[in-house]
Amino acid sequence: MPGVEVKVEGLTKSFGRANIWSDVTLTLPPGEVSVLLGPSGTGKSVFLKSLIGLLKPEKGSIVIHETDLVRCSESRLYEIRKLFGVLFQDGALFGSMNLYDNIAFPLREHTKKGEAEIRDIVAEKMDMVGLKGDEKKLPGEISGGMRKRAGLARALVLDPEIILFDEPDSGLDPVRTAYLNQLIIDLNAQTDATFLIVTHDINTAQTVPDNIGMLYRKHLAMFGPREVLLTSEDPVVAQFLNGRRQGPIGMSEEKDTAQAAREMAEVDELSGLPPIKPQLEATAGLPERKAVARRQKRVAEMMHTLPPAAQEAIRRSQAESGQAAQQTGQQPTRQQAVGAAPYGRPDAPTQSIPRVQDAGPSAPQDAPLGQPVPPQDAPQGSSQTPQQYRQQNVQQPPTGRAPGGPGSGPGRHRFR
Ligand SMILES: Nc1ncnc2c1ncn2[C@@H]1O[C@H](COP(=O)(O)OP(=O)(O)OP(=O)(O)O)[C@@H](O)[C@H]1O
């Protein structure tokens, strides 16, 4: 099923008096792969949970298929949640069920399909994630990477239009992460669903997404084509992409302005960025990602609004993929042709990460909050029970409102 656009506008979430982020505005383009980065504790998981209606933002809107999830009825929210597949960090499998039953579970819970049809669907999804033959294994008997792939197969069985990945690479070695990243791109080619991945892994951010966003200092500091963030020389981005201690991001909170400025002055190479890596392509033999052509057209239309370094990187990658197509005897794609057209206003400004000195004082991200954590936010172990699944899973009707801030109001209408 083709992916759907997700339009987030002016979204604000607090727990009691502690604001997590404010005024988050972004659009996940249909069928494209987007990554959300950000230092620990900046509210990436809270954002994912808000998208699927497990948490209720107090301001703003999340519009999917013309429904605002923040304000719609519980029954409509229940319908919209069926469009989502979610890969939780640990796969969130039921420890007592084998992989087959785990993956069949949503079909048995939410559809009237017979066992023969369920068998075909489970077999197809297990094959897609490379788990054919492992049906009888229990979650405790397999590796973390296999558990993630089983969780992914379970997220796929209802043919979701949107798939959310909460740190798919956590706990995996670099080789397994590389395989999983290729699997994500291959699944995007096969499903054309809209993907949003929360990750800390720089290699994932560099090679997988079409778009990258970054949460920082309680705001969405940036969201746009991958080349914008990957070429940004902003100190926060440079520190994050290089995994350095020196810079504005501290251990558990942002550093104060003076300390960050001292470190910046002491270390000259802080402005450098790692080279841009080519984006992964779907494995040979699979269908081409439909999102690629749509994205190229979209990016060509917004090219004049992007910073010069991002424009240059986009042109370079289009030229490289055009050359690769020529070498393999393929026609250059329509997008490569679009990329060769002249661009207007190459120096137009775009949104950037706020400098340290621009930002106000910040509270420690890990400060204890005066509000009880709702059940769905409890830490997940390596397995769960069907009852926990029913509490947490997006395909279940909400059992009650998660505590949010006081009241809800109209969001500001501003798109990035
Ligand atoms: N239900 C809740 N009640 C109160 N505070 C919460 C709740 N859920 C999350 N928080 C707080 O919100 C903040 C952001 O948490 P979140 O898990 O979204 O961060 P994150 O960016 O995903 O972090 P990490 O990268 O370390 O996983 C944290 O300070 C956390 O304690």
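Mentor: The discussion below takes up the terms in turn. Please keep in mind that this is a predicted model. The protein has 14 helices and twelve strands, and buried residues make up 43% of its 416 residues.

Trainee: Why is Val 6 called buried?

Mentor: A residue is called buried if 20 or more other C-beta atoms lie within 10 Å of its own. Val 6 has 24 other C-beta atoms within 10 Å, so Val 6 is buried. Val 6 lies in strand 1, which covers residues 6–15.

Trainee: What does Val 6 touch, leaving out residues up to four places away in sequence?

Mentor: Val 6 touches Thr 27, Leu 28, Leu 51, Ile 62, Ile 64, Ile 162 and Thr 194. For the protein as a whole, among contacts between residues at least 6 apart in sequence, 76% join residues at least 24 apart.

Trainee: Why is strand 8 described as largely enclosed by the rest of the structure?

Mentor: Five of the five residues of strand 8 are buried, and the strand is therefore largely enclosed. Both of its faces are covered. On one side Ile 162, Leu 164 and Asp 166 are buried, and on the other Ile 163 and Phe 165 are buried. In a regular strand the side chains alternate between the two faces of the sheet.

Trainee: Which strands does strand 8 join through bridges, and in which sense do they run?

Mentor: Four bridges join strand 6 (residues 84–87) to strand 8, and these two run parallel. Leu 87 has Phe 165 in strand 8 as its bridge partner. Five bridges join strand 8 to strand 9, again parallel. Ile 163 is the bridge partner of Phe 195 in strand 9. From strand 8 the chain crosses through helix 6 to strand 9 in a right-handed β-α-β crossover. Asp 166 stands opposite Val 198 in strand 9.

Trainee: What is the order of the open sheet of six strands?

Mentor: The order is 6-8-9-3-10-11, and the pairing is mixed. Strand 6 and strand 11 (219–225) are the edge strands, since each pairs on one side only. From one strand to the next the twist averages 15°.

Trainee: Are Glu 167 and Asp 192 buried or partly exposed?

Mentor: Glu 167 has 21 C-beta neighbours inside 10 Å, which reaches the cut-off of 20, so Glu 167 counts as buried. Asp 192 has 19, which falls below that cut-off, so Asp 192 counts as partly exposed. Glu 167 is found in the loop between strand 8 (162–166) and helix 6 (174–191), and Asp 192 in the loop between helix 6 and strand 9 (194–198). Neither is a glycine, yet phi is positive: near 45° for Glu 167 and about 55° for Asp 192.

Trainee: How do you know that the span of helix 11 agrees with its number of residues?

Mentor: Helix 11 (residues 290–302) has 13 residues, so at 1.5 Å a residue it should span 18 Å. Its end C-alpha atoms are 19 Å apart, which agrees.

Trainee: Why are the buried residues of helix 11 said to be on the same side?

Mentor: The buried residues are Ala 291, Val 292, Arg 295, Gln 296 and Val 299. They cover an arc of only 130° around the axis, and therefore lie on the same side of helix 11. An α-helix has 3.6 residues a turn, so residues three or four places apart point the same way.

Notes: Residues numbered from 1 in each chain as written. Predicted model: local features only at pLDDT ≥ 70, side-chain atom pairs only at ≥ 80, totals over all residues. Buried ≥ 20, exposed ≤ 12 C-beta atoms within 10 Å, placed from the backbone. Contact = placed C-beta atoms within 7 Å. Right-handed = clockwise from strand over helix to strand, strands pointing away. Axes fitted to C-alpha atoms, helices over the stretch in contact; angles between N-to-C directions. Expected span 1.5 Å × (residues − 1). Arc of directions from axis to C-beta.
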